[in-house]
Protein chains: 2
Amino acid sequence: MAAMFKALADPVRLRLLSRVASHPNGEACVCDIADVGVSQPTVSHHLKKLREAGLLTSERRATWVYYRPAPGVLASLGEFLADTEKAGKEEISPAARAS
Amino acid sequence: MAAMFKALADPVRLRLLSRVASHPNGEACVCDIADVGVSQPTVSHHLKKLREAGLLTSERRATWVYYRPAPGVLASLGEFLADTEKAGKEEISPAARAS
């Protein structure tokens with residue numbers, strides 16, 4: 001899980017992840033991604049890092065590699081964070097206090 | 001947001017975050033945390049990193065600094081990830097396809 005958060009610890013990769021996920025059909029190739037402020041080879045490099053961390057899956061079709069979010073992975077990470085937040089908010093019940 | 005994910009990109013810090021959040025009353029000091037496999041100064045160091053990233057807040061009371069999850073922050077990060085996953089799953093509606 002730490003390795004996944006490490007892959008997310010970069011503003012360009014965060015932007016790319018959103019871009020891939022919100023692209024029509026939930027997949028995108030480097031050819032679909034422009035104006036993220038870095039060159040196409042850099043986009044390729046970061047997409048590969050996201051795939052190596054298990055956040056994206058990839059499929060080669062003819063000339064291009066298409067990336068999409070790995071099913072369930074982002075949701076699981078999100079759930080872990082939400083659950084951690086929730087644990088911190090749970091008050092000790094009066095019954096538990098009394099015991 | 002990338003800086004927050006960077007703070008989470010470490011197994012010890014992930015463990016500490018869970019430990020603080022799940023501690024009674026949702027707060028803990030270094031004195032409350034043992035058996036995470038690292039020394040107390042290392043625990044202090046990592047708690048400080050989590051605070052600097054905005055994931056924990058801290059309050060000094062007498063000898064100890066007490067840490068708790070910063071309200072709403074983990075939940076927001078979790079929501080961002082869940083929303084990104086959801087965006088990737090949304091199918092194009094037949095109406096949108098036809099247009």
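**Entry 1: a cut-off before starting**

I call a residue buried when its relative accessible area is under 20%, exposed when it is over 50%, and partly exposed in between. Arg61(A), at 33%, is therefore partly exposed. I also remind myself that this is a predicted model.

**Entry 2: the salt bridge of Arg61(A)**

I looked up the partner of Arg61(A) and found a salt bridge to Glu59(A), with 3.2 Å between the closest N and O atoms. Glu59(A) has a relative accessible area of 42%, so I note this residue as partly exposed too.

**Entry 3: over to chain B**

Which residue does Arg61(B) meet in a salt bridge? I found Glu27(B), at 2.5 Å from N to O. Arg61(B) sits in strand β2 (residues 56-61) of chain B and Glu27(B) in the loop between α2 and β1 (28-29), so this pair ties together parts 34 residues apart in sequence. Is Glu27(B) buried or exposed? I have Glu27(B) down as buried, with a relative accessible area of 14%, while Arg61(B) counts as partly exposed at 32%.

**Entry 4: a pair along a helix**

Next I checked Lys86(B), which forms a salt bridge with Asp83(B); the closest N and O atoms are 3.8 Å apart. Both residues lie in helix α4 of chain B, three residues apart, which is about one turn of the helix. Lys86(B) is partly exposed at 48% relative accessible area, and Asp83(B) is partly exposed at 38%. For the tally, I get 10 salt bridges over all chains.

**Entry 5: where the chains touch**

How many salt bridges run between chain B and chain A? My count is zero. I do find six residue pairs in polar contact across this interface, with both residues at pLDDT 80 or more. On the side of chain B that touches chain A, α1 (2-8), α2 (11-22) and α4 (73-89) each supply at least two residues. Of these, α4(B) gives the most, with 12 residues. I sorted the residues of that side of chain B into 21 nonpolar, eight polar and three charged.

The contact takes 32 residues from chain B and 32 residues from chain A. The size of an interface is often given as the accessible area lost when the parts come together. Here I note about 2,400 Å² buried between chain B and chain A, 71% of it on carbon and sulfur atoms.

**Entry 6: the nonpolar core**

Which residues touch the most other members of the largest nonpolar core? Among its 55 residues, I found Phe5(A) and Phe5(B) in that position. I listed the contacts of Phe5(A), leaving aside neighbours within four places in sequence. From chain A, Phe5(A) contacts Leu77(A), Phe80(A) and Leu81(A). From chain B, Phe5(A) contacts Phe5(B), Leu8(B), Ala9(B), Leu14(B) and Leu81(B).

**Entry 7: Thr84(A)**

I finished with Thr84(A), in helix α4 (residues 73-89) of chain A. Thr84(A) is buried, with a relative accessible area of 5%. What lies 2.8 Å from a polar atom of the Thr84(A) side chain? I traced this to the backbone oxygen of Phe80(A). Leaving aside neighbours within four places in sequence, I have Thr84(A) in contact with Leu17(B), Ser18(B), Ala21(B) and Leu74(B).

Note on methods: Residues are numbered from 1 along each chain as its sequence is written. Chains are lettered from A and ligands numbered from 1 in the order in which they are written. This is a predicted model: local features need pLDDT of at least 70, side-chain atom pairs count only at pLDDT 80 or more; totals for chains, interfaces and linings use all residues. Side-chain values use heavy atoms; hydrogens and water are left out. Contact means heavy atoms within 4.5 Å. Buried area is the accessible area (1.4 Å probe) that two parts lose on being put together, summed over both. A salt bridge is a side-chain nitrogen of Lys or Arg within 4 Å of a carboxyl oxygen of Asp or Glu. A polar contact is a pair of N or O atoms within 3.5 Å; within protein, one must be able to donate a hydrogen and the other to accept it, and residues adjacent in sequence count only if both atoms are side-chain atoms. Helices (H or I, at least four residues) and strands (E, at least two) are DSSP runs, numbered from the N terminus. Ala, Val, Leu, Ile, Met, Phe, Trp, Tyr, Cys and Pro count as nonpolar, Asp, Glu, Lys and Arg as charged, and the others, Gly among them, as polar. Buried means under 20% relative accessible area, exposed over 50%, partly exposed in between (1.4 Å probe, protein chains only). A nonpolar core is a set of buried Ala, Val, Leu, Ile, Met, Phe, Trp, Tyr and Cys residues joined through side-chain atoms within 4.5 Å.
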